[in-house]
Amino acid sequence: MRVVNMYAEVNSEICTGCKICEKVCPTLSIKIFGEKKEKRAVVDLNTCAGCGACVERCDFEGAIALKTLEESKIIGVDPRLVDEKEIAELCFEAKIHPEQIVCFCTGTRADEVAAAILLGATSPEEISIKTGVRTGCKVECIEPILRLLKAAGIEPKPVEKGWQWYGITPTVWDISEEIIQKYSARGFYFDEDKALLKKLLDSAK
Amino acid sequence: MVVKLEKPVRPLLPKQSRYGPDPDHIKTRACDLENIVSLRVRELFRDIPENIYPSERGIKAVREATVDALANVDMSMIKPEDSVNILGSHHGFLLAGGEPYAEMLKAIKDVIAEKTGSENIRLKVGVGLRFRESDEYIRRFGLDEYFGKGKAKGVTPIDEGIPIETEIGTLYGIKKCYDADWIVHAHNSDVREIHFHRHVDRAVKPFGMSYARIETRSTYHHNLGPRGANFVARAIFNSEFVQNKWTFATFLKPTPAGIAGVDADNDLFALDERLTIDNFRYYGKILSLLSRIDECIVVLDFQAPIPYVFSAGMIFANLSASSVDIFDLDYPLPGYTWYTEAFYGKDDRPLIPDTPPVNPAIKAMVINYAWGGYPSVFWAKMIPTIVVGEHQADVFEKDPQNIEFMRHAVVAKDLQTAIEFAARIADTDKILIFDGAPGAINVSTPLAEELVEKTFEVNKAVEQKSMPKWCRQRGMKIGDKI
């Protein structure tokens, strides 16, 4: 669940239509329209979560700003709309506890992301629009989302020419025994951390 | 031992930033409260090396130390026609006011140009979660002019990425960091986020963080576990892609008392081992001392997000994590780290019973001055929190990373009112101020006396018990280094 109290506003006098905002928006809410010198960014207020990615990466000072919504709104998916067992199965397949927080900014938990997937979301962007996840810092939570999608048998494609995300990365469960042994004496306690993570998962089962 | 309680050391003036309140709102500083005194860090731990900065020699001491440190570094791989990216991190600018780090970066550029003849030297400075922060520092310290038009830039984890094949699979770096023939790693040895990196490969961390894309950073904080997290940095650093561009590292060396020098090496792991020993000795003692505080009210009063405000070189996040010894790898989870936070359920209780709490000695938190730009709701949920003034509350209300923060905190009209309220909640007169006072800890007199009393025992325990254990856990040959 995410409270949305801000939105991005474009100053078309300054915007050059350079497309950086479009490449970084986690909800695909800002797009460039127009031809050649008339190109300008346009914000879809229905899906903009006011995360500020566009504002923070725009190269043209004053071209985009965050404004306060007159009335804040709440976006989110209620996990109770989906069978609890299905959510749990999906989370366990991804090796994530259903109550585990996946987004520290919005407090979104794995069960909400799983519910969004089970209700039809097929990409990180759709999940962000539905739950608000990935619209705080925009940095830390992409991988558990991709893991949950993969667990559901979905392999989303990165946005064409976008920089939103590139791909799924390894987890501790993928690291080979050879690498674990090679580095365990250097302070990388992979086996011990796996035991901790397993304990967390077992606590939900 | 005898340690003088001095009048409070004043913190730096508040800085204008898009991430914090207008400095004009910061009318009263926590060190101005009644009964606040200062403990000089070097009075507590007398083995801490002398500062080169601040010192009578001024900023030129940092330049000289950088030039000296680079004297024996091999730069022969860089040819006059080659391009070089000096890679930096925003964090260096939070040390001793930022000028030493800026001067070190300028000196590195000059030495490379002199030794190699290269004229195409750029500066790329990574960020935490505040994407404009490095650009603010680049302007403030004139690095844009020093490096030349367009050659000094902040880079962020949402900028265009580049895949990097590593021994554990594909990770992702920021393309702009690697768009030169060669890279130079220009960082600092401050322990800072030890609750995350656990001082395992501390010197390597920016390869998995400041210079990395969101996928890599998310891997760090979600995929590898609380003690294996920093392996992403080693994996990227060891990759063929990075090694083909690698030249050397130059590190500013802070201690809890100031800047002690500059170190440089072509061998990053050798440098890491040197700074690790120093950090165990100096920061290990300070954090061990602070973690022995029985009870206190913390006051945050510095131009940084909540976790990064600091006192005696230790950031607030370190203290909040110190319900266990966070240097000791036998403890899987510190009292605060993102793995720990993730393991709290919907009822705000740990999902597994052996999760350590946020340091229970922190009875209340007063925020007189702090920035947004870091998800901080967890602390407000775990510690009774009083925010001073609507201007400070507004920072959190409008921060996409902290929209829920003020649901868990109250607002006081002024600092004095906040402290009085906190004292009623906490039932203590012990106050610990995180205001970045140079070389000192600003505290209330009763807490100063407690810290002085505990220092001798901490010094002995860290030297004789903790340091050998911490070194052993990381495979370091301790021998005569300790």
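Domain bounds are taken from an automatic or database domain assignment. For chain B, this assignment gives domain 1 (23–47 + 293–462) and domain 2 (60–255). The model is predicted: local features need pLDDT of at least 70 and side-chain atom pairs count only at pLDDT 80 or more, while totals for chains, interfaces and linings use all residues. Residues are numbered from 1 along each chain as its sequence is written, and chains are lettered from A and ligands numbered from 1 in the order in which they are written.

The C-alpha centres of domain 1 and domain 2 of chain B are 29 Å apart. Contact here means that the C-beta atoms of two residues, placed from the backbone, lie within 7 Å. On this basis, 21 residues of domain 1 of chain B contact 16 residues of domain 2 of chain B. Helix H11 (316–321) and helix H12 of chain B are the elements giving two or more residues to the domain 1 side; H11(B) gives the most, with three residues. Helices (H or I, at least four residues) and strands (E, at least two) are DSSP runs, numbered from the N terminus.

Between the chains, 53 residues of chain B are in contact with 53 residues of chain A. Four elements of chain B each supply at least two residues of the side that touches chain A: strand E5 (161–166), strand E6 (169–174), helix H7 (214–223) and helix H12 (338–342). The largest share, nine residues, comes from H7(B).

The table gives both sides by class; Ala, Val, Leu, Ile, Met, Phe, Trp, Tyr, Cys and Pro count as nonpolar, Asp, Glu, Lys and Arg as charged, and the others, Gly among them, as polar.

| Domain 1 of chain B, touching domain 2 of chain B | 16 residues | five residues | no residues |
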